[in-house]
Amino acid sequence: MIEPLGYLDFAKEILDSIPITEIKIRTAVNRAYYAVYLYAADKYSQAKGNDPSIEAIIRSHARFIKELKLEASQPLQTLGNQLNDLKQDREKADYEYRANVSKNSAQKSYFQALHIKQTVDTAFSSFIG
Amino acid sequence: MTPAVIEETSTTSGPVIPLSKNTVAIDKFNDESFSRNYNDRLLGLYELWTNSMMAGEKPKTLYRVPRTQFIDLRPGKKEQDTTIYLSFQLSQWNNKHIQSIARIHESVLLLNGLWGLAAQQYETEKELFIRENALRVAINYAYKFIKQIFAHAEIRDELYIDPEEPEYKFLNITITPKSVSESDIPHLLEGFDKLQDLFLATLDRKYTSMVTFHLDIP
């Protein structure tokens with residue numbers, strides 16, 4: 001078993017490695033996304049009582065983001081937006097192999113992942129009460 | 001039948017509304033009495049339309065529909081492309097006006113028993129999504145906030161269809177700041193959060209839930 005945020009540490013390791021290659025950069029973006037996606041999904045599931053219907057929601061990345069954006073709580077809506085932003089970075093890194101993915105863009109993805117972790121911690125502390 | 005789309009062209013007469021490839025339609029439009037009747041009806045509808053607009057929406061220059069030869073085959077394209085183009089002289093226009101024109105155009109064709117020949121798909125999928133979800137105001141706000149927060153950035157909006165789960169769609173607005181160094185990134189992300197706070201605080205959830213933002217670092 002792993003802790004999702006372990007992927008975030010790994011993303012940082014990759015970005016700090018020398019020499020850095022585009023394959024590494026893309027991998028870092030991917031890992032940063034999954035780290036916080038899984039972290040957020042886990043917290044959301046706990047907050048909602050680990051209901052099977054919630055499990056179905058969090059298995060679909062797009063649906064989870066949509067649900068967050070429809071939540072009444074603004075931090076959860078913000079979380080949906082932040083996750084979506086990072087998801088698009090990840091899709092570019094994973095699928096758009098002809099596009100250039102720069103180290104700066106990966107740094108942004110990493111910082112966004114840190115932001116998301118912070119939002120998750122804030123959002124779910126108030127959500128759970 | 002090839003679906004028609006609205007496009008801006010480089011002609012000085014303004015945008016064109018292409019119809020579809022259909023020889024029956026071409027024959028019909030080439031009939032002088034039909035064309036005159038069609039033109040008159042269009043003109044009447046334009047007047048009704050512009051008179052019914054609120055003052056703030058009225059274009060500064062009224063639409064002028066050419067009275068003669070308003071249906072042209074594109075020069076040089078006769079052999080390869082038999083699409084009919086109607087050119088309208090619009091000195092000032094926007095997408096909303098164009099869509100209204102397309103609807104008027106459709107109405108006229110319907111009156112003349114030519115339903116189905118007009119631009120059935122005059123809206124792109126993105127435009128349809130915006131209209132069905134009433135997102136125009138939300139988009140305008142988004143652009144306003146982005147311009148306030150990101151002084152030098154390219155902005156583009158597009159219909160985002162999830163590549164892994166295509167049933168999920170959003171109107172996505174991508175912000176691409178220019179000349180970014182690593183040290184700018186935390187500041188840009190703060191701006192990105194501020195943008196979303198403003199957006200969420202200003203608009204109802206039913207709109208904000210359909211719009212996403214992406215900060216794209218080159």
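**Note on the predicted two-chain model**

1. R31(A) lies over the face of Y7(A), with a distance of 4.4 Å from the ring centre. This placement, like everything that follows, belongs to a predicted model, for which the predictor gives an ipTM of 0.93 and a pTM of 0.67 for the complex.

2. Leaving aside neighbours within four places in sequence, V36(A) is in contact with L5(A), L8(A), L83(A), L86(A), A113(A), I116(A) and K117(A).

3. Aromatic contacts deserve a separate point, since a pair of aromatic rings is described by the distance of the centres and the angle of the planes. A search of the whole structure finds eight aromatic pairs over all chains. F199(B) and F213(B) form an edge-to-face pair, at 5.0 Å centre to centre and with 85° between the planes. This pair links distant parts of the chain, with F199(B) in helix α6 (residues 185–202) and F213(B) in strand β6 (residues 211–215) of chain B, 14 residues apart. F199(B) counts as buried because its relative accessibility is 1%, and F213(B) is likewise buried, with a relative accessible area of 1%. In chain A, one aromatic cluster is formed by Y33(A), Y34(A), Y37(A), Y44(A), F64(A) and F124(A).

4. D216(B) is placed in the segment after β6 of chain B, and its relative accessibility of 15% is why it counts as buried. Beyond its neighbours within four places in sequence, D216(B) is in contact with T174(B), I175(B), T176(B) and P177(B), and also with K92(A) of the other chain.

5. Turning to chain B as a whole, its secondary structure comes to seven helices and six strands, which run β-α-α-β-β-α-α-α-β-β-α-α-β from the N terminus on. Of its 218 residues, 47% count as buried, and its accessible surface comes to about 11800 Å², of which 50% belongs to carbon and sulfur atoms. Among the contacts in chain B with a separation of 6 or more, 65% are accounted for by residues 24 or more positions apart.

6. The confidence of chain B calls for care in reading these totals. Its pLDDT averages 66, and 44% of the residues score at least 70. Confidence is highest in β6(B), at 97, and lowest in strand β2 (residues 71–73) of chain B, at a mean of 39. Over residues 1–24 of chain B the pLDDT stays under 50, and the model has 68 contacts beyond four places in sequence for this stretch. The pLDDT is also below 50 over residues 112–122 of chain B, a stretch with 37 contacts in the model beyond near neighbours in sequence. Where pLDDT is low, the predicted coordinates should not be read in detail.

Methods: Residues are numbered from 1 along each chain as its sequence is written. Chains are lettered from A and ligands numbered from 1 in the order in which they are written. This is a predicted model: local features need pLDDT of at least 70, side-chain atom pairs count only at pLDDT 80 or more; totals for chains, interfaces and linings use all residues. Side-chain values use heavy atoms; hydrogens and water are left out. Helices (H or I, at least four residues) and strands (E, at least two) are DSSP runs, numbered from the N terminus. Buried means under 20% relative accessible area, exposed over 50%, partly exposed in between (1.4 Å probe, protein chains only). Contact means heavy atoms within 4.5 Å. Accessible areas come from the Shrake-Rupley method with a 1.4 Å probe; for residues, only the protein chains shown count as cover. Rings of Phe, Tyr and Trp (its six-membered ring) pair if their centres lie within 6.5 Å; planes under 30 degrees apart count as stacked, over 60 as edge-to-face and the rest as tilted. A charge sits over a ring if NZ of Lys or CZ of Arg is within 6 Å of the ring centre and within 35 degrees of the ring normal. pLDDT is the predictor's confidence in each residue, from 0 to 100.
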